[in-house]
Structure formats: structure tokens, C-alpha cells
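This note sets out points for a colleague who is reviewing the model shown below.

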Amino acid sequence: MTPQIQAFFDDATWTVSYVVFDEPGGHCAVIDSVLDYDPKSGRTRTQSADRLLSFIESQRLTLQWILETHAHADHLSAAHYLRSRLGGRIAIGAAITQVQEVFKAVFHLEASFSTQGRQFDHLLHDKEVFSIGRLQAQAFAVPGHTPACVAYQVDDAVWVGDTLFMPDVGTARCDFPGGNAHTLYQSIQRLLSLPPQTRLFMCHDYPPQGRPPAWQTTVAAQREHNIHVRDGTTEEAFVQLRAARDATLEMPVLILPAVQVNIRAGALPPAEDNGISYLKIPVNGL
């Protein structure tokens with residue numbers, strides 16, 4: 001069954017969120033939702049997530065899954081908020097436990113913070129099959145950008161997270177804790193071995209000047225045009241290119257708040273005795 005897909009572009013973080021559903025009145029999944037966050041004030045808003053809610057309600061859909069492709073470093077997840085409003089199960093790749101271990105230490109989180117993925121309703125394993133109403137979906141482990149990256153396939157559509165960007169933008173960085181360019185290359189080859197007509201949906205777009213944001217391409221277009229990993233690019237050449245480029249990149253603006261929230265499945269840290277949640281900044285720690 002071919003999925004119906006509605007994309008939502010967040011121009012503050014260049015993130016694309018998706019509602020994937022079987023039919024009006026049926027069931028849906030949300031992929032890579034955004035919780036609005038102002039780093040100047042520390043305030044959150046739900047404008048981006050409310051757009052998803054409005055669409056789901058207009059189509060009379062039951063929210064079955066809230067899926068994350070990884071623990072994002074460039075935006076906060078609205079998964080916890082969406083579940084509180086419409087239910088559903090929050091899921092992420094099973095290797096999130098590795099990411100939680102690393103960042104529990106980085107942020108010196110509370111002793112009770114679980115590094116077993118218990119904040120999520122379900123941890124997805126490589127090749128695991130699950131349903132979105134009448135749709136059959138499958139999770140594929142695609143580590144490299146982070147250890148916990150997963151792609152989701154429904155029929156001829158695949159959501160690739162940050163593993164790939166649009167062909168004129170390239171591929172994801174690999175210099176975060178647990179990232180590995182060799183591993184990313186192998187994950188990309190796995191995606192590019194799918195049939196040429198397979199549709200690929202991006203989590204972000206950072207378009208070159210003069211091109212409007214875009215988020216859908218194909219395996220064939222990536223193999224022919226991707227500026228980092230088109231056909232004929234060897235693993236060693238890719239690793240060298242990725243290392244050189246990563247050395248020039250600054251940290252994402254929202255990495256410190258985003259990771260702390262996203263390893264908690266989109267929930268804020270526990271409120272302190274004054275009723276307020278606090279995020280940590282490790283000074284000289286990264």
C-alpha cells in the first residue's frame with residue numbers, strides 16, 4: 001500500500017517533519033517532529049508541532065507512532081508533547097542507549113537517568129517490521145552520523161534522517177561523539193543499493209543560494225549527483241572529504257539543549273523543587 005505523505009518545513013531549524021498515513025480516517029506516524037525553542041530566552045513553544053496536530057485532526061487520523069531517526073543535535077523533538085496530546089508510541093533506534101551513555105557523562109545527568117532507552121516506548125532493531133495502520137514499515141540501522149541513526153521504509157518511500165541530504169548538499173557530519181565516516185559510507189551504500197526509483201525523504205535541507213528548500217529526491221538522483229558520495233566515490237575518498245569538511249564546521253546552535261531533551265524522548269529534565277526544569281551547559285566540556 002502506498003503511503004500518503006504530508007511534509008512540514010520548519011524554517012527556524014531547516015527541519016522537515018512528516019505525517020505518514022494510510023488513508024483519511026486511518027492511522028499515521030509522525031517522523032522527526034520539532035519543539036520550538038528560543039536559545040536567547042530558554043522558552044519553548046509548540047507552534048511547529050501544532051501544525052502537525054491540526055493536520056492529523058483534519059484527516060481524522062489516529063496517531064500510532066512518533067518516530068525519531070536519531071537524537072537530533074539541531075532541533076528539539078516534540079515527541080513528548082505530541083504523545084501527551086494524541087497518544088501514540090515514541091520509537092527510536094535501539095542504539096540510542098550508546099548515545100545516552102555518552103551524554104549522561106557529558107552533561108553529568110541525574111543518577112536516575114536511564115541509559116537503557118526506557119524514556120522511549122519502543123526501541124527499533126535493524127530490519128524490524130512494524131505497521132502504521134494498513135501500511136507495513138521497516139526500520140533500517142544507518143549509523144555513522146550517530147550510532148543510533150535509523151531510516152524508515154514504507155513501500156517505495158524511505159526517510160533517511162541526516163544520513164543523506166539533497167544531492168547538492170551532500171551528507172551528514174561525523175564528528176559528534178560516536179560518529180564515524182567509514183560507518184556512514186557503508187550506511188549510505190546500503191540506502192543507495194535500493195531500486196533507483198525509490199523515493200528518499202530528507203530530515204533537513206540547507207539549500208545553496210538561489211534554490212528554495214527541498215526534501216524529496218531518489219536513489220538514482222543521489223547516485224548520479226550527490227556531491228559527496230555519487231557513484232564512483234571510494235570509501236577512502238569519502239572519509240577524507242568528510243574529515244576535512246567536518247573540521248571546518250561549528251557546533252549546531254541548539255546542540256546543548258537539543259541533545260539533553262532528545263535523549264529523553266522529547267521530555268524536559270525533571271523539574272526542580274521550584275517547579276522549573278533546567279538545562280545544563282558543560283563549560284569547556286565539548
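**Note on the aromatic pairs and strands**

1. The count of aromatic pairs comes to twelve in this predicted model. Phe-9 is buried, at a relative accessible area of 17%, whereas Trp-14, at 35%, is partly exposed.

2. A further pair involves Trp-65 and Phe-130. The centres of these two rings lie 5.2 Å apart and the planes stand at 65°, so this pair is edge-to-face. Trp-65 belongs to strand E6 (residues 62–67) and Phe-130 to strand E9 (residues 129–132), so the pair ties together parts that are 65 residues apart in sequence. Are the two partners buried or exposed? Trp-65 is buried, with 6% relative accessible area, and Phe-130 is buried as well, with 7%. The cut-off that applies here is 20% relative accessible area, under which a residue counts as buried.

3. Aromatic contacts are also found in a group: ring pairs connect Phe-8, Phe-21 and Phe-55 into a cluster.

4. The strand that carries Trp-65, E6, is part of an open sheet of six strands, arranged in the order E1-E2-E3-E6-E7-E8 with mixed pairing. Why is one side of E1 and of E8 left without a neighbour in the sheet? Strand E1 (4–10) and strand E8 (122–124) stand at the edges and have a single partner strand each, so one side of each has no neighbour there. On average, and with direction ignored, neighbouring strands of this sheet are turned by 25° against each other.

5. At the E8 edge of the sheet, strand E7 (residues 89–93) and E8 run parallel and are joined by three bridges. Within this pairing, Gly-93 has Leu-124 of E8 as its bridge partner.

6. Which helix lies across strands of the sheet? Helix H1 (residues 47–58) lies across E1, strand E2 (15–21), strand E3 (27–31) and E6. Relative to E1, H1 runs at about 160°.

7. Strand E9, which holds Phe-130, is joined to strand E10 (residues 135–141) by four bridges, and the two run antiparallel. Phe-130 has Ala-137 of E10 as its bridge partner; the ring of Phe-130 is also paired with that of Trp-65. E9 and E10 make a hairpin with two residues between them, and Gly-133 in the turn has a positive phi of about 60°.

8. The antiparallel pairing continues from E10 to strand E11 (residues 150–154), over five bridges. Here Ala-141 stands opposite Val-150 in E11.

9. How many helices and strands does the chain contain? Its secondary structure comes to seven helices and 14 strands. The radius of gyration is 18 Å, close to the 19 Å given by the globule rule for 286 residues, so the chain is as compact as a globular protein of that length. The C-alpha trace spans about 60 × 50 × 40 Å along its principal axes.

10. Of the 286 residues, 51% count as buried. Among contacts in the chain with a separation of 6 or more, residues 24 or more positions apart account for 66%. The chain exposes about 12,700 Å², and carbon and sulfur atoms supply 51% of that area.

Note on methods
Residues numbered from 1 in each chain as written. Predicted model: local features only at pLDDT ≥ 70, side-chain atom pairs only at ≥ 80, totals over all residues. Heavy atoms only, no water. Phe/Tyr/Trp six-rings, centres within 6.5 Å; stacked < 30°, edge-to-face > 60°. Buried < 20%, exposed > 50% of the residue type's maximum accessible area, 1.4 Å probe, protein only. Pairing = 2+ DSSP bridges. Axes fitted to C-alpha atoms, helices over the stretch in contact; angles between N-to-C directions. Contact = heavy atoms within 4.5 Å. Rg over C-alpha atoms; globule rule 2.2 N^0.38 Å. Areas by Shrake-Rupley, 256 points an atom, 1.4 Å probe, with all protein chains shown as cover.
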